Amino acid sequence: MRRRLLIALAVAACTLTGVAAYVGARPAAAGWQEIAWPFPRDGWPAGRAFRCDVGLCGETVELYVRPKVGFCNCDSGVADDDEVDRVADIDLISARFVADRPGSVVQLADMSGRMRNYSLHMPDGSRHAALGLAVSRRCDLVVAAARGGSGARLQQLALDFLGKEDVRRWMTAALDGRWH
Amino acid sequence: MMLRGLGVACCWIVLLAYGGGAVAQSQIVGAPPEASNMRLVGHNDLQARSAYQPTIHHQGERWIAYIGHHGGTDDIPAPVNPQTGKAEPNGTSIVDVTDPAQPKYLRHIPGQEGKYEAGGAQMVRICDGKALPKGDRNAVYMLRTFGGEAHEIWNVADPQNPVLITRIGGLKDTHKNWWECETGIAFLVSGAPDWRTRRMTQVYDLSDPAHPIKIRDFGLPGQEPGATGAVPTELHGPISTGVEGNRVYFGYGTNKGGFLQIVDRDKLLKGPKEPTPDNLSSPEISRLAMSAFNGAHTTFPMKGMPIAEFAKDKDGKTRDILMIVDEAILNECNEPRQMVWFADVTVENRPMMISSYTVPEASGAFCERGGRFGAHSSNESMAPIYYKKMAFIAFFNAGVRALDIRDPYHPREVGYFIPSITEKTDKRCVTIDGKDRCKTAIQTNNVETDERGYIYIVDRANTGLHILELTGDARKAAGLE
């Protein structure tokens, strides 16, 4: 009986401290609102999704970011644009996308990788600008996809958001297993 | 702060209450192997090189094991070969296993420089020259990968003095090939530089190994050069049933989003070769999509299996079965369980999963032992001694598992062997709060069998080659006594 009580207490305390750690790691960025992860479950655990106020972004912009732990290219990292096409979660928004141009190197939270602008072809016939980004740390990735606005503006908005101190801290925490 | 302190203290209580047994199950150097109905016959440390694929070949009067290696480790990128006294990047080990109790290390052929997945020569297949339509009858050919950049063919007729015959290079990755010795057709898992995927298939005619002839590139629509949109899961490896069976079973994905693709071999070889979406689709008979949680590492066909339960049925007494093995990638259970699946592919355009198998985690506290826990690969020998009766599954820290598969609707474990670790066994780490926490455990990576019934397992964590045999009920189940 006493053992059960101890375990129950411990589980409750672990839950509380876990929740506290999660809340403490949430990024807070002016103009960005966290929303529910909008995609069905796939091979990777769900990430975090954000929507940018029209006041800040000019039009609706959404950004989705998540860690992908267990990436095979441990040594070479995100070495080319094909890798961005494969891993950056653009296909979650629409399986039909076309790269606008060759991608470029990006550095985020002490991780390096690549990003690339796309045109999305949505099932309803509409087209949207999108950005795919992937950075790696050893055998793990952080990927982000954003949509809305125009290509250059979208890239700047996404990089500004992902570059914020608390977002960068969250990325590191997520790769360290301190989230989810 | 106090709440946090209490939380940490209580977490320890939970760990001690539930985890005490798990800690006790950690492997320690000097402890005996864990086994049921399997027995260790012989061992070789393979110069403490991380091992991937073993292939056992009956070569004249001898039995030779060819073992592919991953690249080196952070600590030892290129182990010293005691036979040469030189540091050599991991490549291929050649071991005489004629006497399985006394395996003799014959030769190490260095591979590509690089660590872990980035180097070495992970895969190896063997064909006798006399079996190949245009081979040198006195030669024995070894097809191996050379890191990610090439495939090579060596003449290993004298296994102590291999001679390089051919190299197919300029690739960005390679993996688990299949080579039909009767025809010479090879399905090479390659990374053609202009394809959008890391791994796809290059079909070659290697009937004359000295003069490879490329037949075509093959992959899934969306992977080909110039495609746009989502990129389908990359290939892991194919297995062909040759001219007679006229099927190639491709496994895509490793630990995620996998599927089985059933392909008409004849159409693949003779169909239009330009990698357009239509041309890539035309040889495909069907696909079996797996959960996003699992990949298809090995797709092992067993056609025409009699199913005892169906013996009195007017139709469907025998079934074409495919065993699909996932690959665990992450250490200490940081991913969905990777396991073994059996699919009934009798009706080819409606393949269906019928059963599965995994090692019960609680039977060895495997999630706490360190390293990977989950399936990786099966034996691929189709020699009659075990074919359609027993399957052997490499299960990383749970060693090798022997399955009675005579009723593939209800596969049953009948034996296992988890080798002891040694001073040479490499550690495996996970990141906890930003720091590495490492444990040492066996990491049985691959398994193969020979026509005599010996079972060969090799360790990814540098513990070497273990040669095993079945005992007890497992031996009876295999019909060996």
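A residue is called buried if 20 or more other C-beta atoms lie within 10 Å of its own, exposed if 12 or fewer do, and partly exposed in between, with the C-beta atoms placed from the backbone. The model shown here is predicted, and local features need pLDDT of at least 70, side-chain atom pairs count only at pLDDT 80 or more, and totals for chains, interfaces and linings use all residues. Residues are numbered from 1 along each chain as its sequence is written, while chains are lettered from A and ligands numbered from 1 in the order in which they are written.

**View 1. Helix α5 of chain A and its two faces.** Helices (H or I, at least four residues) and strands (E, at least two) are DSSP runs, numbered from the N terminus. Helix α5(A) consists of twelve residues, 151–162, and reaches 16 Å from its first C-alpha to its last, close to the 16 Å expected at 1.5 Å a residue, where the expected span is 1.5 Å times one less than the number of residues. Its buried residues are A:Leu154, A:Gln155, A:Leu157, A:Ala158, A:Phe161 and A:Leu162. These residues lie on the same side of α5(A), because they cover an arc of only 170° around the axis, the arc being that of the directions from the helix axis to the C-beta atoms. The exposed residues A:Ala152 and A:Gln156 are carried on the face turned away from that buried side. An α-helix has 3.6 residues a turn, so residues three or four places apart point the same way.

**View 2. Helix α6 of chain A and the residue A:Gly177.** In helix α6(A), residues 165–175, the buried residues are A:Val167, A:Trp170, A:Met171, A:Ala174 and A:Leu175. They cover an arc of only 130° around the axis, which puts them on the same side of α6(A). Just after this helix, A:Gly177 takes a positive phi of about 80°.

View 3. Two residues are in contact if their C-beta atoms, placed from the backbone, lie within 7 Å; leaving aside neighbours within four places in sequence, the contacts of B:Val400 include B:Phe392, B:Tyr416, B:Thr444 and B:Ile457.

**View 4. An open sheet of four strands in chain B.** The strand order is β14-β15-β16-β17, with antiparallel pairing, and two strands count as paired if DSSP finds at least two bridges between them. The edge strands, β14 (178–179) and β17 (213–218), each pair on one side only. Strand β16 (residues 200–205) and β17(B) pair over five bridges in the antiparallel sense, and B:Tyr204 stands opposite B:Lys214 in β17(B).

**View 5. B:Gly72 in a loop of chain B.** This residue sits between β4 (62–70) and β5 (80–81). B:Gly72 counts as buried because it has 25 C-beta neighbours inside 10 Å. B:Gly72 and B:Ser50 are 22 residues apart in sequence and 7.1 Å apart in space, C-alpha to C-alpha.
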